[in-house]
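Subject: The two-chain model

Hi,

Here is the structure I said I would pass on.

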Amino acid sequence: MKGWRRLVFAWRFARRELVAGELTVLALALVVAVVAMASVAFFSDRVERSLTLQASQLLAADLVYSADAPADAALRQQAAHRQLAAVDSATFPSMVFAGGQAQLATFKAVSNGYPLRGAVTIRRADGVLVNGVLHPAPGEAWADSRLIGRLKLKLGDTLQVGQRSLTLAGEIVREPDATLDLYNFVPRLMFNLADLPATGLVQEGSRIRWRLMLAGEPDRVEAMRAWLTPRLPRGARLENVEEARPEVKSALERARRFLGMTAMLTVALAAAAVALAVRRYLARHWQSVAVLRSLGLTSGEVWRLFAGLFLLVGLAAGVLGTVAGYAVQQLLLRLAGSLLGEGLPQPGWFAWAMGPTAALVLLAGLALPPLAAIRQVSALAVLRAELPATRQGFIAPLLAVAVLLGLTAWQIGDARLAAVWLGGLAAFLAGVALVAALVVWLARRLPAGGRVGWRHGVASLARRPWLAVIQIVALSVGLMALLTLTVVRADLIGAWQRSIPPDAPNRFVINIQPPQRDGVADQLAQSGLTAPVLSPMVRARLTEINGTAVQPNRYESDQAKRLAEREFNLSWSDALPAGNRLSGGAWWPAKRAKPQFSVEKGLAKTLGIKLGDVLTFDIGGTPYEARVTSLREVAWDSFRVNFFVIAPASWLGDQPASYITSFHLPPDSEETVNALVQRFPNLTVIDVTAIIDEVRAVVDRLARAVEAMFALALAAGLLVLWAALAATRDERLFDAGLMRALGASRQQVRGVVLSELAWLGALAGLLAGLGAMALGTVAATQLFNLPLTLNPWLPLLGMGAGMLVVTLSGWPLVRTVVRTPPSAVLRAG
Amino acid sequence: MAASELGKQVSFNGETLTILRSATLSLFEGESVAIVGTSGSGKSTLLSLLAGLDYPSSGEIALFGQRLSGLSEDQRAVLRRDKVGFVFQNFQLMPQLTALENVLLPLELSGRRDAREAARAMLERVGLGHRLKHYPKHLSGGEQQRVALARAFVIRPKLLFADEPTGNLDPATGRQIIDLLFTLNEEEGTALVLVTHDNELASRCDAIYRLVDGKLSGAGR
């Protein structure tokens, strides 16, 4: 046949197949799979964009250009052209003078309009807290509590800033873009940018960081970012929130992984559903293949006909599913709308392309290999009812699933997650297939004879060994998804929310001198607070890695440059600090440990430090050299005292150090802190309540978004269960019809079908329960770094749920079987 | 068995098709009748109705003195289970069951204790004692129909319905199957309703009915 005639024929063929209802199951499975995947893609894309939006509140803008010189006119023009709001700020360290005293502070001069995103909270002279888009008026300055404490200031006092005098008009309680740097004890002074020239502090060589903060429509911000990125001058960069706020980064990272896990679960489920539907479709069409062959089509033409048919169905299902997916996602957002904030940004092109791509990839991987069997079949062989054994290789389906997981991983931006998933999934499938084959083998050896009923159910399961194995695998995947999404999800999200417990430390005390340690601990204990852990710290500079001098300029990323430049707070300890987890190497023995270092994983990655590297730190002029023997993961959002680098106490314990601690101060107990500061005036107490509340709010919002998406994956799980049962519908109908013709009562037929379903459900559920436990454990320890207490009842629960769900979802089938007159079934068979 | 004034209509796309009109026939213990007709004449429909597998639109059937219209679906099933055997044109064996298991099925349905022995003995009688554990796909057409015969006769039915039992077999094999069918029939004293388009085959029965366009006529012998 010629090309166009072939197309016309394929189209007619497809239309007839659709009208006859032959493609319904496959098309439906594809559509639902695409709906699930597309809505997850839309949802995660938009949630992610909305998170970026929320994150920008922590930058006080959508986009921050930061450089060692003010932004030039061309840049401003571009921003204005894109209708972006712009605000300038200049940040630099300098001295403040007041009442004859001097104090080093970080100055921040901001122009009118600051902040573009988020809000500033200040305490006015009358003690009232004001919150909003605020900035100091010209001639006024705001200081944080540290500066006020150090210089013993009152609101209304006059400060000398360079050559300019400013009036202290407010105490900064919270500024949106403040970095939570507890170890950089430099206090903050904020004033209006209009006053900056008069201070005379802007000179050649002064270390000023100029920022241009921009905000506006998401599309325009993205366009600006795209325009700016390749044009960044030397010494300039775009800031992003994640490096500035490690504790928020932790939360975002977990959310992204939760979303990613859900999306991948949906992908796996969708694949299973489509595989089952394809199997059913082809099993019903060998006869058609034979007829077409006997009518004179070559094997290649028949193959192309079916491939073309699948292509049509795939495209149609892809488009339909994407549109429906968008609608589903809109509904989800409406449900969770107020939680995610108003006016979510529209999804990106990738989310739109996800649906049709997924449909085609699924079909290519799952339908084409079994379709290849058509080519090896002669017309005569099929007419003789010698049906080809559809040997479905494992490579193509796995490849398809891998591609889809890869696509999702790319979208989520996490290759490790995809690897863990793919490996875990393959292991689970192999394990389940093995156990299922074993059980079926055992069941085949059950003695026959006796009454029809429960025993007959398990026996008839065993009489279709391959189908039984496929069904058990599909059902366990579906059930595992259900269990993971209900029980394990609750455990995981609970653990996540508990990672910032209600009594998370909200006060940090720094600058504790060694002789004051017992006094501070006693006083806190007397005030009814749990005895805090005091950690020593000493300032150190990293000078060499493996004997090579550390040169900040050698590093590509700005973050690495800054880390290499700054002084570290080294600490020492005999035990692994709470909230830390070893991710490589081994912790040292408690007594008489040799000189060595333990380094935080993120820092090691940024600076290119590997296990076994030799680091040299300069502490007060003396070099200290040792090997890195362990890497640690640190839960930054735990609000405990954490260190990048730790050494054994037996080595550095004699160094002159100051101590740091954190504790939870219940509300309305400020007098405890006041008493502490009165007794030890050199201490600085930092209040991080506002930051904790902020992170907690972020976690709660994220958790709800993730939960909403779980509901969707749940739907995909149910679809797989349905497809697994539909795959054997015809066989069961025929069996039941024949049994009824032979005189089986309705009760007997019902008993056989129900008991078969129940056995199937129980076995699949047991395997699913074990799988969900493994999945939860791997997810908690490898992906989320959360302490997870798993429900030990999962396997039992899985068995019960499997029996119930499979039997219930098989109920319509049972009714059909019992109601249809046996003659109709036999004629169809 | 007695059937009077049986009719069957089905509607399709709003049109009513009459498949069978006022068919009347009867059969006594140990007797055999053939129903002869071309394809599409309504033979299989008549058989389904007589066996209680389908419902007539009009008329009445009685099996073993019981009116089928007065029986529930399950009561009919019990009737079939204990007293009625079937042989189909396309064998209708369960592909996932071995020969032995296929023959066991009706015995298991009625909960017979000596099911295994009975099934094995029956398969030996049809000459398949050596193929008990084979699946239908490993058996030839003739062998599959022998299994079907064994399945039909293993319950010692009073009445056997055979729907074109040789339709899917070559003439030689078909003759063997028919011989076996009539032998078993005689030995067991079973009444037989044989649906066929083969006049020669029909002539081996005690009575012949002809079905033309849904009309049943005559009991020529």
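Below is what I found, starting with confidence and then going through each chain.

The predictor gives the complex an ipTM of 0.75 and a pTM of 0.60. Chain A has a mean pLDDT of 77, with 78% of its residues scoring at least 70. For chain B the mean is 85, and 98% of the residues reach 70 or more. Within chain B, the element with the lowest mean pLDDT is strand 10 (residues 215-220), at 73, and the one with the highest is strand 3 (residues 32-36), at 91.

One stretch to treat with care is residues 337-342 of chain A, where pLDDT stays under 50. The model still has eight contacts beyond four places in sequence for that stretch. Where pLDDT is low, the predicted coordinates should not be read in detail.

**Chain A**

Chain A has 829 residues, of which 45% count as buried. You will find 28 helices and 22 strands in it. Taking contacts between residues at least 6 apart in sequence, 84% join residues that are at least 24 apart.

Ser66(A) has a bridge partner in both: Arg211(A) in strand 10 of chain A, and Arg237(A) in strand 11 of chain A.

In soluble globular proteins, nonpolar side chains tend to be buried together. The largest core here has 186 residues, and Leu30(A), Val274(A) and Leu362(A) are the ones that touch the most other members. Helix 8 (residues 246-283) of chain A gives the most to this core, with 18 residues. What does Leu30(A) touch, leaving aside its neighbours within four places in sequence? Its contacts are Val274(A), Val313(A), Gly314(A), Ala317(A), Gly321(A), Ala359(A) and Leu362(A). There is also a second, separate core of 44 residues, which includes Leu116(A), Ile148(A), Leu166(A) and Leu196(A).

Two backbone details in chain A are worth a look:

- Tyr114(A) and Pro115(A) are joined by a cis peptide bond, with omega about -10°. Pro115(A) sits in the loop between strand 3 (101-110) and strand 4 (120-123) of chain A.
- Gly743(A) follows helix 24 of chain A and has a positive phi, near 105°.

As for helix 24 (residues 729-741) of chain A itself, its 13 residues should span 18 Å at 1.5 Å a residue, and its end C-alpha atoms are 18 Å apart, so the two agree. Its buried residues are Arg732(A), Asp735(A), Ala736(A), Gly737(A), Leu738(A), Met739(A), Arg740(A) and Ala741(A).

**Chain B**

Chain B has 221 residues, and 47% of them are buried. It is made up of seven helices and ten strands. Among its contacts between residues at least 6 apart in sequence, 69% join residues at least 24 apart.

Helix 5 (residues 141-153) of chain B has 13 residues and runs 18 Å from its first C-alpha to its last, close to the 18 Å expected at 1.5 Å a residue.

- Glu5(B), in strand 1 (residues 2-12) of chain B, has a phi near 50°. Glu5(B) is exposed because it has 12 other C-beta atoms within 10 Å, and 12 or fewer counts as exposed.
- Ser22(B), in strand 2 (residues 15-26) of chain B, has a phi of about 25°. With 13 other C-beta atoms within 10 Å, Ser22(B) is partly exposed.

Cheers

Key. Residues numbered from 1 in each chain as written. Chains lettered and ligands numbered in written order. Predicted model: local features only at pLDDT ≥ 70, side-chain atom pairs only at ≥ 80, totals over all residues. Pairing = 2+ DSSP bridges. Helix = DSSP H or I, 4+ residues; strand = E, 2+ residues; numbered from the N terminus. Core = buried A, V, L, I, M, F, W, Y, C linked by C-beta atoms within 7 Å. Buried ≥ 20, exposed ≤ 12 C-beta atoms within 10 Å, placed from the backbone. Contact = placed C-beta atoms within 7 Å. Expected span 1.5 Å × (residues − 1). pLDDT = per-residue confidence, 0-100.
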